[in-house]
Amino acid sequence: QVQLVESGGGLVQAGGSLRLSCAASGQTFSKYNMGWFRQAPGKEREFVGCISRDGSRVRYADSVKGRFTISRDNAKNTVYLQMNSLNPEDTAIYYCAAKWMGSITIKVDYWGQGTQVTVSS
């Protein structure tokens, strides 16, 4: 019974930046591995990045590595995705995800509703 609400999406020009936020309900946020996924029109949902419970471990998809940064603030029950050097290929609906235990790339326990990110040429 964890609810995730994304925000921060919008329209940005190529080369610009955007910061997404995901606010989680409940008091057990710090026990969840968190991650971001995205889905572009006509494409499969893909992994973007994830962060461990204490924030000490972070992983990214090759397509965003070096441009995106995931972070979390357990005191605020929030995970962030800082996106820099955006290009039109980053256009997608971005979803926040939570996983109690194990790899978030294998199974996601909770999904947010998503927030649209559109990058213009």
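These legends describe close-up views of one predicted model.

View 1. The chain has zero helices and 11 strands. The C-alpha atoms fill a box of roughly 40 × 25 × 25 Å along the principal axes. A compact globule of 121 residues would have a radius of gyration near 14 Å, and the chain agrees with its 13 Å.

**View 2. Inside and surface of the chain.** Of the 121 residues, 45% are buried. Take the contacts with a separation of 6 or more: residues 24 or more positions apart account for 56% of them. The chain exposes about 6,600 Å². Carbon and sulfur atoms supply 47% of that area. Charged side chains number 14 positive and 9 negative. The centres of these two sets lie 6 Å apart.

**View 3. Strand S1 and its two faces.** Strand S1 covers residues 4-7. In a regular strand, side chains alternate between the two faces of the sheet. In S1, Leu4 and Glu6 make up the covered face. Val5 and Ser7 make up the uncovered one.

**View 4. Strand S1 beside strand S3.** S3 spans residues 18-24. S1 and S3 run antiparallel, joined by four bridges. Val5 stands opposite Ala23 in S3. Ser7 stands opposite Ser21 in S3.

View 5. Leaving aside neighbours within four places in sequence, Ser7 is in contact with Arg19, Leu20, Ser21 and Thr115. Ser21 is also the residue that stands opposite Ser7 in S3. Tyr32 is 25 residues from Ser7 in sequence. In space the two are 19 Å apart, C-alpha to C-alpha.

View 6. Why is S3 largely enclosed by the rest of the structure? Five of its seven residues are buried, so the rest of the structure largely encloses S3. S3 pairs with S1 through four bridges. S3 is also joined to strand S8, residues 78-83, by six bridges. S3 and S8 run antiparallel. Here Leu20 has Leu81 of S8 as its bridge partner. Leu20 is also one of the contacts of Ser7.

View 7. Where is Lys31 found? Lys31 is in the loop between S3 and strand S4, which spans 33-39. Lys31 is partly exposed, with a relative accessible area of 42%. Which residues does Lys31 touch, not counting those up to four places away in sequence? They are Arg53, Lys99 and Trp100. Lys99 is 68 residues from Lys31 in sequence. In space, their C-alpha atoms are 8.7 Å apart.

Notes. Residues numbered from 1 in each chain as written. Predicted model: local features only at pLDDT ≥ 70, side-chain atom pairs only at ≥ 80, totals over all residues. Heavy atoms only, no water. Rg over C-alpha atoms; globule rule 2.2 N^0.38 Å. Buried < 20%, exposed > 50% of the residue type's maximum accessible area, 1.4 Å probe, protein only. Contact = heavy atoms within 4.5 Å. Areas by Shrake-Rupley, 256 points an atom, 1.4 Å probe, with all protein chains shown as cover. Lys, Arg positive; Asp, Glu negative; His and termini not counted. Charge placed at Lys NZ, Arg CZ, Asp CG, Glu CD. Pairing = 2+ DSSP bridges.
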